[in-house]
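The following paragraphs go through one structure, element by element. Please keep the sequence and the coordinates open while reading.

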Amino acid sequence: MDPFVVVGGDAAGLSAASKCKREDPDREVVVFEKGAWVSYAHCGTPYYVKGEVEELTDLISLTPEEIEERDIALHRDHEVTAIDPEAKTVTVVGPDGEREQAYGDLLLGTGAHATQPFETGEDVFTLHGLPDAAAIRARVDPDFSPDNAALGPMDPDTIRPYAERPAPETVAIVGGGYVGVEMAEAFSAYGIEVHLFQRGDLLPPFGPAVAESVESALDSEGVVVHTGTEVDGFDTDVDGVTAIRYGDGEQLDIDMAVVGVGIAPNTDIAEAAGIAVGETGAVAVDRYGRTDTDGVYAAGDVAESRHTVTGEPTWVPLGLTANRAGRAIGETIAGEPTPVGDVAGTAVVKAFDLGAGRAGFVTESEARDAGFEPVSETITAGSRSGYYPGAAETTVTLTADRGTGRVLGGSVVGTDRAAKRIDTLATALDAGHTVAELERLDLAYAPPFSPVWDPILVAAKVLADEV
């Protein structure tokens, strides 16, 4: 049997490779990764920049040695440049030149790349991978030493120039999504003046209640938030970036910038091979991760998923989505067909002491665009029994379909363990619960953990009168 070949050595790819090898030990499994890093936690990079995660290598889930111990043939610094679906081969370019690799099954786990809409110079960064994180940490942390840091496969000399520059006094962040909010916290830890620019509200997928709370939290920590503001570009000189241009001809002097305005799936080799790409711009797959091309699967940030609420294709580039889909595909290829699972876009984010979560359709406008007749309510309730120390306000937005009462989505925000309360709502979405069924859930109660009526249940009680 020809090998199971995986293109991409991160979450989706190595989950699939590991699961296939575990279930079918005799199957040859080959992984090609175009870079030097494999199996790392991208979501942890802001906390590495902040210094809460001490070493870059702490973000590694599986080392190359551990992968090879699983009898997986891992080839780093090997880029797959083409796919021939008829011959069932891929073209691979590595340190020893170009060669062809046959496959029986092929998984595309090529991920995504950070979009960069501006012409930039020195000291304008994106954060999409561990090398970016190391360069930014070296630039802002005055105690950072490339020679003493655990940098894995990175050559310390590649980031030494960043460490040798004076630490910035003023940093601009363009983009108020996950990266922007988390990096604002990271930079503030070094006493840097931080300006965050967002063309609309912060964290658009989380809805207005979360946006308002997060903006207030950032402001209270000294972050200057510029919402409703369009960035035009940067001014640079031979030493690096000098200013950011925004709004109606306004300008701010800065020493450094991070651009986090989104990512796009790496579909080039798929499209060149005639593999279908969906309306979302990611590779189209079925419920088992199969593309329209025989023997070819796709998972992770390069692939579409099916939305829990609508059943329609969606693109949700998140860590669990990639790991879960890769694992399922590995099991399918080993002989046990396993669905990759639907997604509700469930996500959480931290802004200093504030935590927020979201799932499904948060706003009425997005639910209406999906064909529903939405109704929503926003409530505020205590996180614990009012007499128990540590209780804090928790704000919940809940959206449902007026005609059927079906729960469509919502958000949670607060300072006392609020974000993970979103898991209750994500479970209700997966089960297809109505608001009445959500209200009747038997959630745990004890004063240190929750009031008798959990904030999610309070929101359901209030919304039940509207559907």
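Which residues does L457 touch, not counting residues up to four places away in sequence? They are L438, E439, L441 and L443. The model in which these contacts are found is a predicted one. L457 itself belongs to helix α13, which covers residues 455–463. With a relative accessibility of 4%, L457 falls under the 20% limit and therefore counts as buried. Its C-alpha atom is separated by 51 Å from that of P85, a residue 372 places away along the chain.

The strands concerned are part of an open sheet of 5 strands, ordered β21-β22-β25-β24-β23 and paired in the antiparallel sense. At the edges stand β21 (347–351) and β23 (374–382); each has a single partner strand, so one side of each is left without a neighbour in the sheet. From one strand to the next, the twist averages 15 degrees.

One of the residues involved is R358, whose bridge partner in β25 is S411.

Another open sheet has 3 strands, in the order β4-β5-β6, again with antiparallel pairing. Its edge strands, β4 (79–84) and β6 (97–102), each pair on one side only. Neighbouring strands here are turned against each other by 25 degrees on average, direction ignored. Between β4 and β5 (residues 89–94), which run antiparallel, there are 5 bridges. Across this pair, V80 stands opposite V92 in β5.

Parallel pairing is found around strand β1, residues 4–7. This strand pairs with β7 (residues 105–108) over 4 bridges in the parallel sense. With β2 (residues 29–33), β1 also pairs in the parallel sense over 4 bridges. V6 takes part in both pairings: its bridge partner in β7 is L107, and its bridge partner in β2 is V31. In a regular strand the side chains alternate between the two faces of the sheet. In β1, F4 and V6 point one way while V5 and V7 point the other way.

Next comes a pair of helices. Such a pair is described by the angle between the two axes and the distance between them. For helix α1 (residues 11–23) and helix α9 (residues 319–333), the angle is about 30 degrees and the axes are 7 Å apart. Because angles under 35 degrees count as roughly parallel, α1 is roughly parallel to α9. The crossing of α1 past α9 is right-handed. From α1, the contact involves A11, A12, S15, A16, K19, C20 and R22; from α9, it involves A322, N323, G326, R327, G330, E331 and I333. Sorted by class, the contact between α1 and α9 has 6 nonpolar, 4 polar and 4 charged residues.

Two further residues complete the tour. Q198 sits in strand β11, residues 193–198. Its relative accessibility is 12%, and so Q198 counts as buried. Leaving out residues up to four places away in sequence, Q198 touches G175, G176, P204, H226, T227, G228 and T229.

A282, by contrast in setting, lies in the loop between α8 (268–272) and β18 (296–298). Is A282 buried or exposed? A282 is buried, because its relative accessible area is 0%. Its contacts, again without residues up to four places away in sequence, are P265, T267, V277, V302, A303, E304 and W315. For E304, the separation from A282 is 22 residues in sequence and 5.5 Å in space, taken from C-alpha to C-alpha.

Definitions and conventions
Residues numbered from 1 in each chain as written. Predicted model: local features only at pLDDT ≥ 70, side-chain atom pairs only at ≥ 80, totals over all residues. Heavy atoms only, no water. Axes fitted to C-alpha atoms, helices over the stretch in contact; angles between N-to-C directions. Helix = DSSP H or I, 4+ residues; strand = E, 2+ residues; numbered from the N terminus. Parallel < 35°, antiparallel > 145°, perpendicular 65-115°, else oblique. Left-handed = near helix turned anticlockwise from the far one by under 90°. Contact = heavy atoms within 4.5 Å. Nonpolar A, V, L, I, M, F, W, Y, C, P; charged D, E, K, R; others polar. Buried < 20%, exposed > 50% of the residue type's maximum accessible area, 1.4 Å probe, protein only. Pairing = 2+ DSSP bridges.
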